[in-house]
Amino acid sequence: MKKISLFMLVGILALFIAACGNTNEDNGAKEDEKLEAIDAKLDVPEKGEKGEPVSLSTKVTQGDDTVDDAGEVKYEIWKNGHKEESEMIEAKHEKGGLYKAEKTFEEDGMYTVQVHVTARDMHTMPKTEIAIGEVEGGEHGQAGEDHHPSDHESTVSIHLMKPDVVTAGEVAEMMVHVENKEDALEDARVRFEIYQEDQEKHEWVDLNPGEKGEYKGSYTFPEKGSYNVQVHVTKGEEIHEHTMETVEVQ
């Protein structure tokens, strides 16, 4: 009987170890699935006419799956050479991971359209160009930040990700995604400069690097109101860029 009991105990232990091994393998597989990068295929016409709406669309996928639950899809648009005057347009999800918006351009010229996609704790921001109306030959030659940036054009893209609702007195976790020439920018110094209009004192917050091109930080806004959050990105003597966003605190 003792021998039978011993064999049974050994068998149970073997089954338990095998089950644990399978569980670990399953967890590893799930983690691998989570690590698969999202992909955003930006579809913008090569040409458009001034004063007429232009359709902008982006197909978001992760592997073979369509992404219907993106946290944020926005189109950033600017006339080449005037990135500081860029405009953000929210996209709406239609179906099958397709996110659309429209833009009516008021002036002829070459424009850059960059889509910012945040989904499943990942971020990507591909961009392309569109010619509106009559475009001079010189504009075609130096249009793209992608290929021939002028002295006044930046190759750095900065995107601030913040909570949908920011509450006074509560910690707001925020993240900045930075690219340079469409590659993740690593080893940069990224800081928040936070202040309200007509406020002399500006608060500075250093962000910590995370995944490639991602920098994380937090801040507790002391009271309700509108705050300016200016993101500063520096690396060596070559890169010193910034972008401003307004955060509404409830």
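Q: Leaving aside neighbours within four places in sequence, with which residues is D43 in contact?
A: Contacts of this kind are read from heavy atoms within 4.5 Å. In this predicted model, D43 touches S55, L56 and S57 once its neighbours within four places in sequence are set aside. The C-alpha atoms of D43 and T58 are separated by 5.8 Å, although these residues stand 15 residues apart along the chain.

Q: Where does D43 lie, and is D43 buried, partly exposed or exposed?
A: D43 belongs to strand β1, which spans residues 38–43. Its relative accessibility is 48%, so D43 counts as partly exposed.

Q: How is H116 classed by relative accessibility, and why?
A: The class called buried requires under 20% relative accessible area. H116 has 0% relative accessibility and therefore counts as buried. This histidine is part of strand β9, residues 109–119.

Q: With which side chain does the side chain of H116 make a polar contact?
A: The partner is the side chain of H159, at 3.4 Å.

Q: How many aromatic pairs does the count come to?
A: Ring pairs are judged by the distance between centres and the angle between planes, with angles over 60 degrees read as edge-to-face. The count comes to three aromatic pairs. In one of them, the rings of Y219 and F221 have centres 4.9 Å apart and planes at 85°, so this pair is edge-to-face. Another joins F221 and Y227: with centres 4.8 Å apart and planes at 65°, that pair is therefore edge-to-face.

Q: Which residues do ring pairs link into a cluster, and are they buried or exposed?
A: The cluster consists of Y219, F221 and Y227, linked by ring pairs. Y219 and F221 are buried, and Y227 is buried as well.

Q: Over which ring does the charged end of K83 sit, and over which face does K103 lie?
A: Here one looks for a charge placed over the face of an aromatic ring. The charged end of K83 is found over the ring of W78, 4.6 Å from the ring centre. K103 is placed over the face of F105, and its distance from that ring centre is 5.6 Å.

How values were computed:
Residues numbered from 1 in each chain as written. Predicted model: local features only at pLDDT ≥ 70, side-chain atom pairs only at ≥ 80, totals over all residues. Heavy atoms only, no water. Helix = DSSP H or I, 4+ residues; strand = E, 2+ residues; numbered from the N terminus. Buried < 20%, exposed > 50% of the residue type's maximum accessible area, 1.4 Å probe, protein only. Polar contact = N/O pair within 3.5 Å; in protein donor to acceptor, adjacent residues only side chain to side chain. Phe/Tyr/Trp six-rings, centres within 6.5 Å; stacked < 30°, edge-to-face > 60°. Lys NZ or Arg CZ within 6 Å of the ring centre and 35° of its normal.
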